[in-house]
Amino acid sequence: MSLSQSAPALPDLRQTQIVEWLTALSAIPTLPATLRPASADASFRRYFRIDAVDGRTLIVMDAPPPQEDVRPFIEIAGLFAGIGLSVPEILAQDVERGFLLLSDLGSTTYLQQLNDDSAPKLYMDAIDALVLLQTKSQPDVLPEYDRAFLLRELQIFPEWYLGKHLKATLTDQQTTDLNQVFDAILANNLAQPQVFIHRDYHSRNLMVLPTGNPGVLDFQGALFGPITYDIVSLLRDVYIQWDEAQVLDWMIRYWERAKRAGLPVHPDIDAFYRDFEYMGLQRHLKILGLFARLNHRDGKEAYLKDIPLVMEYVRKTALRYRELIPLVRLLDKLEDKAVQVGYTF
């Protein structure tokens, strides 16, 4: 989710219900006529911006049941705010109907603001906020990002990217090869230390703030999982790409800060980089499947334009490790590409 302006939408039943709900909120008087779209995201959630009588702008989350449930957002907003992250304040709620009234963190996302001049400061702010989140981690607070969960995400790739998008039917041998790659990825992911993870910590969900930067959004899927998950989401962002040398520099800066904060990152930088890469591969394979699903099932074809960058991340990573090479061979076969030779470790 990013709270940037978008084209007005036609009034609908949910919007009418929102206006009725806001009109009844006497403690927080708003101007219902000013309700306008702020953003939508890859789920069923929508966001509106509205002017308050006191001159503020506020955000309305529309999360229609049964597809959406606002309770995880409410719980994690409280958890993250208590840790010291800049998250929206929940001003009013109607859990049964799926409406929340939130403070407004503005309309400038990291993605809109990032350039060669702004990136170093913005990324270090995001890294510092991430280290703060991780240092406050405790088990048994958030749901566990376990093997079944990670594997379920990986399976979106063969079902939706290979099957629906490429229209491929895997042979038994190809399925075996892919499952062996999945086993290698998951073995690494599950061996990593576990911390609180946002799970979508990237340039569209981080807002540029004058103080307390960054504003953190779209955290309702937070889990307790592998320590490299959020840093690879941030630095190998599927919506913006940086030179590998720059990514490596920021990754090392994160690793140094994490060690100083007492976080259980791998003490060897090469081993930590491998963890970073394997976690990124799990995430990017899932995203290839998700983007294909958003197009073919949900009619959101805009996500197709982001697939080439995600595939570039997947191929570059898989080419660097011997046990992942079968994935590249499979993609070459299915995408009818020439076999590439890479370095193996």
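**Stop one: a cavity**

About 40 Å³ of space lies in the second largest cavity (on a 1 Å grid over the protein atoms alone, a set of points where a 1.4 Å probe fits but cannot get out; the volume is the space filled by probe spheres set on the points). This is a predicted model, where local features need pLDDT of at least 70, side-chain atom pairs count only at pLDDT 80 or more, and totals for chains, interfaces and linings use all residues. Residues are numbered from 1 along each chain as its sequence is written, and side-chain values use heavy atoms, with hydrogens and water left out.

Select R45, M61, A63, E68, D69, V70, F73 and Q220: they line this cavity, having an atom within 4 Å of a point. By class, that lining has 4 nonpolar, 1 polar and 3 charged residues.

**Stop two: two helices**

Next, select α10 (residues 269–296) and α11 (residues 307–318); helices are DSSP runs of H or I, at least four residues, numbered from the N terminus. They pack at about 145°, with axes 9 Å apart (axes are lines fitted to C-alpha atoms over the stretch in contact, and angles run from 0 to 180 degrees between N-to-C directions).

Show side chains where they meet, with heavy atoms within 4.5 Å: L281, L285 and L288 are among those in α10, and V310, M311 and V314 among those in α11.

**Last stop: a ring pair**

Now pick F291 and Y303: their ring centres are 5.2 Å apart and their planes at 40°, so the pair is tilted (centres within 6.5 Å; under 30 degrees is stacked, over 60 edge-to-face, the rest tilted). F291 sits in α10 and Y303 in the loop between α10 and α11, 12 residues apart.

How values were computed. On a 1 Å grid over the protein atoms alone, a cavity is a set of points where a 1.4 Å probe fits but cannot get out, and a pocket is an open set with protein on both sides within 12 Å along at least five of seven lines; lining residues have an atom within 4 Å of a point. Ala, Val, Leu, Ile, Met, Phe, Trp, Tyr, Cys and Pro count as nonpolar, Asp, Glu, Lys and Arg as charged, and the others, Gly among them, as polar. Rings of Phe, Tyr and Trp (its six-membered ring) pair if their centres lie within 6.5 Å; planes under 30 degrees apart count as stacked, over 60 as edge-to-face and the rest as tilted.
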